[in-house]
Amino acid sequence: MITLTKEDGPADLDGVTHLSIGVSWDPTAGASGGVLGALRRKQGTDLDLIAIAMQGGDPVRLAGLDSLDPMGNGSLIHSGDNQTGKGDGDDETVTVEFSRLPQQITAIVFVAAAYKKGSSFQKARNISFKVYDATGGSTQQVADIWPSLMTNDNGCAVAKALRVGGSWKLEVINTPGKVKQGDERALMRFAASK
């Protein structure tokens, strides 16, 4: 398994027809012990994986939150909202089928955010992004992306799939930033700036 970084530059996705990005995290009580810590662990932590389809520099569709199939044709699918981070494996996943994306879509930006009010990256531990080649129905993990946990921000632009001519490339962005919680336009502006 390889861990992709910004320094690696864009990776060719030749032969990859379906790409999945998954995020997982463990809930934490932070420094709280006792009853308060137990309650925080039980409640869990809500992070969100959001994929924003771009037409040039303009965000035009958003997969995540309450929009699971924003293109309406299955080309960009979100697995649904996990509000706790509990359980094994990926907590949320976005799958892209490149051949079904409309031609005007030039990029897809994958963002992880503590989007809802009261959620926080600081209440999550071991945040990990997994990259899968889902071609032919496979669930083969091909890479990891590990964001820095040394941030007080509530958003992280993780990666971007870019259309280059007739093919696609995957570029790690891994750039944290602040996103106004509950503000979908702020989330899209954040993605567009990457």
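**Strand pairing and surface of a predicted model**

Trainee: How many bridges join strand S9 to strand S10?

Mentor: The model is a predicted one. In it, strand S9 covers residues 124-133 and strand S10 covers residues 140-145. The two run antiparallel, and the number of bridges that join them is 5.

Trainee: What is the bridge partner of valine 131 in S10?

Mentor: Strands S9 and S10 are joined in the antiparallel sense, and S9 spans residues 124-133. Valine 131 has its bridge partner in S10, and that partner is alanine 143.

Trainee: Is strand S4 largely enclosed or left open, and how many of its residues are buried?

Mentor: Strand S4 covers residues 48-55. A residue counts as buried when its relative accessible area is under 20%. S4 is largely enclosed by the rest of the structure, because the buried count is 7 of the 8 residues.

Trainee: Which residue of S8 stands opposite isoleucine 50?

Mentor: S4 and strand S8 (residues 107-113) pair in the antiparallel sense over 7 bridges. Opposite isoleucine 50, the residue in S8 is valine 111.

Trainee: Which residue of S5 stands opposite isoleucine 52?

Mentor: S4 also pairs with strand S5 (residues 58-63), again in the antiparallel sense, over 5 bridges. Opposite isoleucine 52, the residue in S5 is leucine 62.

Trainee: What is the phi of glycine 56 in the turn between S4 and S5?

Mentor: S4 and S5 form a hairpin, with 2 residues between them. Glycine 56 is in the turn, and its phi is positive, at about 65 degrees.

Trainee: What separates the C-alpha atoms of glycine 57 and lysine 194?

Mentor: Glycine 57 lies in the loop between S4 and S5. This glycine 57 is exposed, with a relative accessible area of 61%. Along the chain, glycine 57 and lysine 194 are 137 residues apart. The separation of their C-alpha atoms is 9.2 Å.

Trainee: Is lysine 180 buried or exposed, and at what relative accessibility?

Mentor: Lysine 180 lies in the loop between strand S12 (167-177) and helix H2 (184-192). The cut-off for exposed is over 50%. Lysine 180 therefore counts as exposed, with a relative accessibility of 58%.

Trainee: Which residues form the positive surface patch?

Mentor: Lysine 180, in the loop between S12 and H2, is one of its members.

Key: Residues numbered from 1 in each chain as written. Predicted model: local features only at pLDDT ≥ 70, side-chain atom pairs only at ≥ 80, totals over all residues. Heavy atoms only, no water. Pairing = 2+ DSSP bridges. Helix = DSSP H or I, 4+ residues; strand = E, 2+ residues; numbered from the N terminus. Buried < 20%, exposed > 50% of the residue type's maximum accessible area, 1.4 Å probe, protein only. Patch = residues over 30% accessible without salt bridge, like charges linked within 9 Å, V, L, I, M, F, W, Y side chains within 5 Å. Areas by Shrake-Rupley, 256 points an atom, 1.4 Å probe, with all protein chains shown as cover. Salt bridge = Lys/Arg side-chain N within 4 Å of Asp/Glu carboxyl O. Lys, Arg positive; Asp, Glu negative; His and termini not counted. Charge placed at Lys NZ, Arg CZ, Asp CG, Glu CD.
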